[in-house]
Structures are given as C-alpha cells and as structure tokens.
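Visitor: Could you take me on a close look at a single part of this model, and show me what holds on to what there? I would be glad of one connected account.

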Amino acid sequence: MRIQIVMSLVGKLLYIYGVFTIIPFIYGIAFETAYWSFLITTGLSVVLGAVLVRYGRDSQNFSLRDGFLVVSSIWILTIILGAIPFLGSGILTNGFDALFEATSGITATGATIIYNVDELPDTFILWRGLMHWIGGMGIIVLILSFLKNLGADAAHFFNAEASVPKVGVVMPRVQSIALKLWQLYVVFTVLCFLMLWAGGLSPFDALNYAFSIISTGGFTPTTAGAFIYEQNNYICFVFIFFMILAGGNFAIYYGVLQRGIGVLLHDFETRMYWLVLFIGIAVTAISLAWHSGYTDPLQIVRDSAFNLVSLQTGSGFAVSDYDLWPAAAQMMLFICTFFGGCSGSTTGGIKIIRLITLIKSSILYLRKSIHPDMVQVVRINGKPMPEKAIQMTQQFIFLYLLIYVGSAFLMTCTGLTTYDALQVVTAFLSNVGLGFGGFGPTDSFAVMPNTAKLIASVDMLLGRLELFTILVMLHPQFWEGYFIKKEPLKRYKIL
C-alpha cells in the first residue's frame with residue numbers, strides 16, 4: 001500500500017522530533033526539577049515512530065501528494081505531542097488550552113493563553129521557545145537536514161510545506177540546501193543571542209528571545225514581553241534588525257554567501273519587501289507625530305518601526321500599546337498583518353511574492369482590456385511567471401478570504417463580537433499572534449471559549465502551511481490508491 005511509504009517517513013521524522021522534546025527534560029534535571037511529562041512525550045514520539053517505521057516501507061519515489069500527506073501528518077502529530085508536556089505537568093489543565101498553546105508555538109504564531117508567564121518554570125519557557133524555533137524554518141526543512149538518501153523527489157516536501165510561487169527555482173540537491181538553510185538559521189539565532197546578551201539580557205532570556213525573533217514567533221520569557229525594553233534603544237533596534245532579517249528569503253541569503261550581496265539587491269521581492277516596510281513605517285510615524293502626544297522623533301521612529309515590522313513579519317512583539325495610537329496608525333498596522341514577509345522566510349501572511357504577482361497580473365489584465373491582441377507575460381526578476389503559478393496565487397487569495405470570512409463567522413457563533421472575531425482571525429490566519437482591542441498587546445487569548453480556541457488552532461495550522469497542504473486532503477480523490485494493496489505481477493507459462 002502506498003500509505004506505507006508515508007508511514008515510514010513520518011516515523012523517522014518522529015524520531016528526530018523526539019530528540020528535541022528531551023532537551024527541556026535535561027534542562028529541568030540540571031537546573032530545576034525533573035518534568036517527566038517531557039520524557040513521556042519523547043517516549044511516545046519514539047514508540048509511535050517505531051510502529052510507523054515497522055509497518056511502513058522505505059522508498060525514494062515520492063509524489064507531491066505524498067508530500068502533502070507527510071507534511072500535514074508530521075505537523076499535526078508534533079502539535080499534539082507538543083501539548084502533552086503542558087497537560088502532563090499540570091501547567092495547563094484544559095486540553096483546548098494545551099492544544100492552543102502548542103499550535104501557537106509550533107506554527108510560530110505566538111498567541112498565548114497563559115496570563116502570567118513569570119510564574120512558569122524556566123523549563124516550560126524553554127520549551128515554548130524551542131517550539132517556535134523548530135517550527136519557524138519549517139519542520140520538514142529541519143528534518144530533511146538529518147535524513148539521507150531520500151532521492152530527488154524529496155523536493156516535493158519543500159513544495160508541500162510552502163506553496164508560494166518559486167520562479168526559476170530548481171532544487172537538484174534538496175537535502176543539501178535544507179542543511180545550508182538550517183545552518184544559516186542557526187547562525188542568525190546565535191548572532192541575535194549574542195547581541196541581546198551584550199545589551200544586558202540574561203543568557204536565558206537572550207536565548208529565548210533569539211528563538212522567538214528569528215522564527216518570527218512571539219513567545220517571550222516574561223509577562224511584560226518586549227515592553228520592558230521600551231526605553232532601551234539598543235535592544236529595540238536589535239529586535240527590529242533581526243525581525244526584518246527573518247522576514248527575508250533565506251534562500252536568497254544563501255545565494256549572497258555564494259555570489260555576493262548583488263543577489264540580495266537584485267531580488268525584486270526583497271526590494272519590494274523593504275519598500276513596503278518603509279512605506280508602512282513612514283505612514284505610521286507621520287500619524288503618530290501628527291495626532292499623538294509623541295514629541296521625541298527617535299521614539300516616534302523606533303516605536304513605529306518596531307510595532308509595524310513586528311506585525312508585518314508576524315513576530316508578535318510590541319514595545320508600546322498601539323491600541324492607544326491614532327486610528328490611521330492602527331489601520332496601517334492592521335493592513336500590514338496581512339502582508340507577511342518574503343517567500344522562503346519564517347513569516348506567515350500572504351507573502352510579498354503573491355502581492356507582486358497579483359499586482360502585475362492585474363496591470364497586465366487592464367492592458368489587455370485596452371489592447372486585446374497584446375502578448376505579454378508577468379515577469380519576476382526578469383523571468384516569466386508560469387500561468388499555473390499565477391492561477392495558484394489567485395486561488396490562494398480566494399481560499400484565504402473564504403477561510404477568513406468563514407472563521408470570523410464561526411468565531412461570532414462562539415460569543416465573540418464581530419470586531420473581536422475579525423481581529424483574532426487576522427492574528428491566527430496570518431500567524432501574527434497579536435490583535436487589537438480586547439486581544440491587543442497587553443491582553444491574553446485565555447478569555448476565548450474552548451470552541452473558539454479550537455477554531456483558532458485550525459486557522460494557525462492552515463496559515464502556517466499556506467492552506468493548500470491541509471485543504472487538498474479534503475478532496476475525496478486525494479486518497480485514491482493509498483490503501484490498495486499492490487497486486488503481484490502475474491506469471492505466464494510459455495508454451
């Protein structure tokens with residue numbers, strides 16, 4: 001059965017995930033107390049992995065359909081396993097709360113239902129940061145760095161985990177590239193940690209903030225979050241720099257190491273990403289200077305840049321209460337939550353490459369309306385965008401809006417107001433983790449009903465896996481052939 005190929009690979013991935021779940025257990029033994037729920041999680045991960053490998057079947061031939069199923073299965077399983085330590089230790093007693101917190105952690109959303117993070121044991125603060133870091137670059141990218149001999153078809157796992165258009169991208173050595181991306185990810189994390197530590201943060205806090213910043217997550221080791229650094233310009237600008245860095249395309253950064261800085265400067269998506277950030281910061285800063293009580297120009301620029309970059313990249317930090325800002329500044333922040341960063345980044349949202357594709361294809365459509373016989377194609381970085389990629393982008397936007405509206409309606413059915421429903425769905429589907437009003441930077445999502453938390457968990461996973469990976473499995477034809485035993489070849493007697 002073809003399902004056995006998927007089972008074998010998912011089982012191996014669970015082995016690797018189990019290694020990460022034991023890190024907090026070791027930390028607890030060394031510095032606090034033994035939290036056996038982490039060891040139980042490791043055991044469950046290894047045992048489940050062993051069962052899947054035992055009854056699975058190795059292969060080097062994978063289809064994109066296999067990629068969708070493997071990616072969806074491993075993300076769902078890691079979320080469920082990630083919730084067990086919270087429940088097993090009694091940190092969270094509600095299953096919906098534990099699932100919500102684990103989903104928010106693995107998807108690097110950063111929304112939390114924990115009121116007082118300061119009362120959490122350091123072991124669980126470390127686990128929250130690790131979940132961000134594991135899911136930030138992508139679980140599949142991480143695991144492909146470890147698994148060998150998967151063959152060229154392993155590229156399907158990349159495509160299944162992120163469905164953004166990839167113009168002219170060829171991945172002949174997908175596992176080698178996965179390793180290089182993770183090496184860059186580790187280097188950025190170490191640099192961020194060192195710069196935060198140099199700014200006066202404790203090593204533990206600096207490490208956990210580095211995990212959250214580079215993964216554009218949002219979990220913090222303190223209840224106050226980034227607010228406690230409101231008067232520290234150095235720390236604020238370190239946050240801003242690395243949030244912008246994490247919102248860029250890591251594959252482009254790898255190209256910079258090979259061919260120089262020109263690769264970054266000539267990438268059209270990167271330039272548009274910087275331009276969108278600059279415009280957003282400028283509009284927000286002008287609004288603050290015009291309509292608020294801000295008088296210090298440096299503070300205006302710093303707070304505008306920090307909050308806007310944080311919300312656009314889905315980092316989920318805030319250095320000031322933007323709920324008190326003028327309406328125009330708040331609207332600019334709200335709009336930017338939909339944009340996200342570049343393809344190949346750790347951000348959520350729609351992504352800049354899709355916005356570019358939609359804008360260019362719309363302009364092209366208007367031109368063809370005037371000159372019907374005109375032959376012209378959408379180009380990105382000088383290369384023609386395949387019609388299939390344009391259609392995929394249009395379908396993504398349609399599905400995104402459909403899920404957004406449907407989720408907001410379901411949220412209102414749980415008792416949330418229309419305003420709050422729109423805010424929380426934006427925060428979850430774009431993997432931002434911050435909303436406005438009752439779910440702003442100084443509030444918790446714990447007040448949501450259990451049903452709303454379940455809807456939120458689904459939205460966070462859909463947003464992180466960019467819709468198609470999960471939704472495609474709802475089509476009946478997706479499962480054709482997966483549970484049918486392969487018939488043996490018939491032998492014919494030669495007369």
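Guide: Let us start with a buried pair: Glu466 and Arg354 are both buried. Their side chains meet in a salt bridge, with an N to O distance of 2.7 Å. This is a predicted model, so please take each distance here as computed from predicted coordinates.

The pair links distant parts of the chain. Glu466 sits in the loop between H19 and helix H20 (468-471), while Arg354 belongs to helix H16 (residues 352-370), and the two are 112 residues apart. Lys351 joins in as well: Lys351, Arg354 and Glu466 are linked in a network of salt bridges.

Helix H19 (residues 450-464) has a neighbour in helix H18 (residues 418-429): their axes come within 7 Å and cross at roughly 40°. That angle makes H18 oblique to H19. On the H18 side, the contact is made by Val425, Phe428 and Leu429. H19 answers with Ala456, Asp459, Met460, Leu462 and Gly463. Sorted by class, this contact has six nonpolar residues, one polar and one charged.

Since Lys453 lies in helix H19 and Asp97 in helix H4 (residues 95-106), the pair ties together parts that are 356 residues apart in sequence. Both partners, Lys453 and Asp97, are buried.

The side chain of Glu101 meets that of Arg128 in a salt bridge, at 3.2 Å from N to O. Glu101 lies in H4 and Arg128 in helix H5 (residues 122-137), so this pair ties together parts that are 27 residues apart in sequence. Glu101 is buried, and Arg128 is buried too.

Where pLDDT is low, the predicted coordinates should not be read in detail.

Terms used
Residues are numbered from 1 along each chain as its sequence is written. This is a predicted model: local features need pLDDT of at least 70, side-chain atom pairs count only at pLDDT 80 or more; totals for chains, interfaces and linings use all residues. Side-chain values use heavy atoms; hydrogens and water are left out. Axes are lines fitted to C-alpha atoms, for helices over the stretch in contact, and angles run from 0 to 180 degrees between N-to-C directions. Helices (H or I, at least four residues) and strands (E, at least two) are DSSP runs, numbered from the N terminus. Angles under 35 degrees count as roughly parallel, over 145 as roughly antiparallel, 65 to 115 as roughly perpendicular and the rest as oblique. Contact means heavy atoms within 4.5 Å. Ala, Val, Leu, Ile, Met, Phe, Trp, Tyr, Cys and Pro count as nonpolar, Asp, Glu, Lys and Arg as charged, and the others, Gly among them, as polar. Buried means under 20% relative accessible area, exposed over 50%, partly exposed in between (1.4 Å probe, protein chains only). A salt bridge is a side-chain nitrogen of Lys or Arg within 4 Å of a carboxyl oxygen of Asp or Glu.
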